[in-house]
Every structure is written in structure tokens, then in C-alpha cells.
Amino acid sequence: MARRSNGRGWNSKLVGAALGVTLLATGASVWSAQAGTVDGSSPEATAPAAPGRDVRPTAVTIAHASDAGTRGINITIDDGPDPEWTPQVLDVLREYGVKATFCMVGPQAQAHPDLVKKVVAAGHRLCDHSVSHDTAMDKKSEAYQSRQILDAERMITKASGGVRPMYYRAPGGAFTPYSRKLAASRGMRPLGWNVDSKDFERPGTDTVVATVERELPNGPTVLFHDAGGDRAQTVEALRRLLPQLRQQGYSFGFPVR
């Protein structure tokens, strides 16, 4: 999700969710998206910092390209899973035979493990989108960044039934050299975006579609959302864009790793 200062109340909800977890547990072109603040802490990290036998480190550079080639498009969906909107997004993706990358917020995944499992079962990929969706993470300590990344990784992996995230997307693009290195050491390729659909602002379906069409020459990785508010415009925009883009000769893939 692009960096925003007001957060529409979304950041405060996620902080509350993260604190609740603590109590219970005691975007191959140049990326031009700009990487709102949340203050507070996430649960203490419990995932190991060093790669284990099942973890293969990835590149630390921020991925923007598609594994589907020069006419490939990566659909990425942020901030969920959400019990109302994620199923509708999944239905549209299934209807048009498109696989996507779901960038999940840790407490959302923990609260809706059934949806995380549905995403995996449908052949989509998982991405760690932190615990608190703090778009000022790049201004915080390395210890804070570590907790945000590793705790979300743990929550998502547990909710999925053991399938680990393959990417890490910093909220608002707030990457740091440390966060990129940490994520890569855990096998999660840092993930950027080239096209911000602006669906989060709910400008109208026509505007979302027009934005994607206009910005697509910037690169293949497109940012949408399935949580944080009414996502009806996102669902309808995907319903229009997916067949239209395929008719234009595009194919759909995953971000490179």
C-alpha cells in the first residue's frame, strides 16, 4: 500500500490488533513509488533470525519484474485477508485463471487462517506485509523492524498451515537496507510495485481501471487492496481489467525471486 499520512483509521486498527496479539501470546523498470505513522510495538519476535534448513536466502534487491516475461503482469493484493473482500477477489481471480501475490498483515492472517489457506490452495503466493502496517518503519530501530517482519512471517506461516511467505513488502515502501537484508535472509524477496492503482482512495472503478492502463508502461507489478475498507471498486476493476489485459496480449505471473 502506498504511503499515506492519514491512514483512514487503518493503522490504528492494526496497532490494536497487534497489541491484542501481544496480550494473547505473552512495486523490470525503475520503481518510482514513494515509501502515516504508527508508534508502538509489535509482539516479541519468536521466528529465528538465521535461515534454517528449509529457508533459502533470496536477493536483497527490491523486485519489480515478472517471471512471465516482457508482457507479464504481476497482480499483487495488499492488507488482507479480509472476510468480506478476499473471497470476492479470489472468485474474480479464479474466474479468469489469474494467480496473484497476497501481501498479508500478520494479525489479519492470524485472525482468518481459513482465508490464508484458501489463498494458498488456489495457487497464489504469500507475502509478509508486517504486523502493524507502519509506513514509518524506515524511521524505527532495527529491533522494531525485526519484530514487525519476523512476527508477521510467523503469523502468516502458522495461519497457512506451514506455507511460508515468498516475499516481503514494506508498508508504504518503507524499506531499509536492514529490512531488505533480514527479509532476504528468511527467503522473502523484497517486493516493490510499478503501478499503484489508487484503489485505496476509492476514486471510482472507471478511475482505477484508467490509472492501471495509464501507468502500466512503468512496469509489470500492480498494487491493489483487499482490506482496509470497502473494496467493491477493486473487485469490479479486476473483473474488467483481467480479461481486457489478456486480450491485449499480456499474461499473468509472479514477481521474480
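**Figure 1. Lys-198 in a predicted model, a partly exposed loop residue.** Lys-198 has a relative accessibility of 34% and therefore counts as partly exposed. The model shown here and in the other views is predicted. Lys-198 sits in the loop that runs between strand 6 (195-196) and helix 7 (205-215). Its phi is near 65°, a positive value in a residue that is not glycine. Most residues other than glycine have a negative phi.

**Figure 2. Arg-202, in the loop between strand 6 and helix 7.** The phi of Arg-202 is about 50°, positive although the residue is not a glycine.

**Figure 3. The cis peptide bond from Gly-80 to Pro-81.** Omega of this bond is near 5°. Most peptide bonds are trans. Pro-81 belongs to the loop between strand 1 (72-78) and helix 2.

Figure 4. A disulfide is a covalent bond between the sulfur atoms of two cysteines. The cut-off applied to a pair of cysteine sulfur atoms is 2.5 Å. Over the whole structure, the search finds zero disulfides.

**Figure 5. Contact of helix 5 (residues 142-160) with helix 6 (residues 177-185).** The two helix axes come within 10 Å and cross at roughly 35°. The crossing of helix 5 and helix 6 is right-handed. Helix 5 contributes Glu-142, Gln-145, Ser-146, Ile-149 and Leu-150 to the contact, and helix 6 contributes Tyr-178, Ser-179 and Leu-182. By class, the residues in this contact of helix 5 with helix 6 are four nonpolar, three polar and one charged.

**Figure 6. Contact of helix 2 (residues 85-95) with helix 4 (residues 113-121).** The axes of helix 2 and helix 4 come within 11 Å and cross at roughly 10°. Helix 2 is therefore roughly parallel to helix 4, since angles under 35 degrees are placed in that class. On the helix 2 side, Thr-86, Pro-87 and Leu-90 take part; they meet Leu-115, Lys-118 and Val-119 in helix 4. The contact of helix 2 with helix 4 has four nonpolar residues, one polar and one charged.

**Figure 7. Ala-170, a buried residue in the loop between strand 4 (167-168) and helix 6.** The relative accessibility of Ala-170 is 0%, so the residue counts as buried; the limit for this class is under 20%. Leaving aside residues up to four places away in sequence, Ala-170 touches His-129 and Phe-175. Pro-190 is 20 residues from Ala-170 in sequence, and the C-alpha to C-alpha separation of Ala-170 and Pro-190 is 7.8 Å.

How values were computed
Residues are numbered from 1 along each chain as its sequence is written. This is a predicted model: local features need pLDDT of at least 70, side-chain atom pairs count only at pLDDT 80 or more; totals for chains, interfaces and linings use all residues. Side-chain values use heavy atoms; hydrogens and water are left out. Axes are lines fitted to C-alpha atoms, for helices over the stretch in contact, and angles run from 0 to 180 degrees between N-to-C directions. Helices (H or I, at least four residues) and strands (E, at least two) are DSSP runs, numbered from the N terminus. A crossing is left-handed if the near helix is turned anticlockwise from the far one by less than a right angle, and right-handed if clockwise. Contact means heavy atoms within 4.5 Å. Ala, Val, Leu, Ile, Met, Phe, Trp, Tyr, Cys and Pro count as nonpolar, Asp, Glu, Lys and Arg as charged, and the others, Gly among them, as polar. Angles under 35 degrees count as roughly parallel, over 145 as roughly antiparallel, 65 to 115 as roughly perpendicular and the rest as oblique. Buried means under 20% relative accessible area, exposed over 50%, partly exposed in between (1.4 Å probe, protein chains only).
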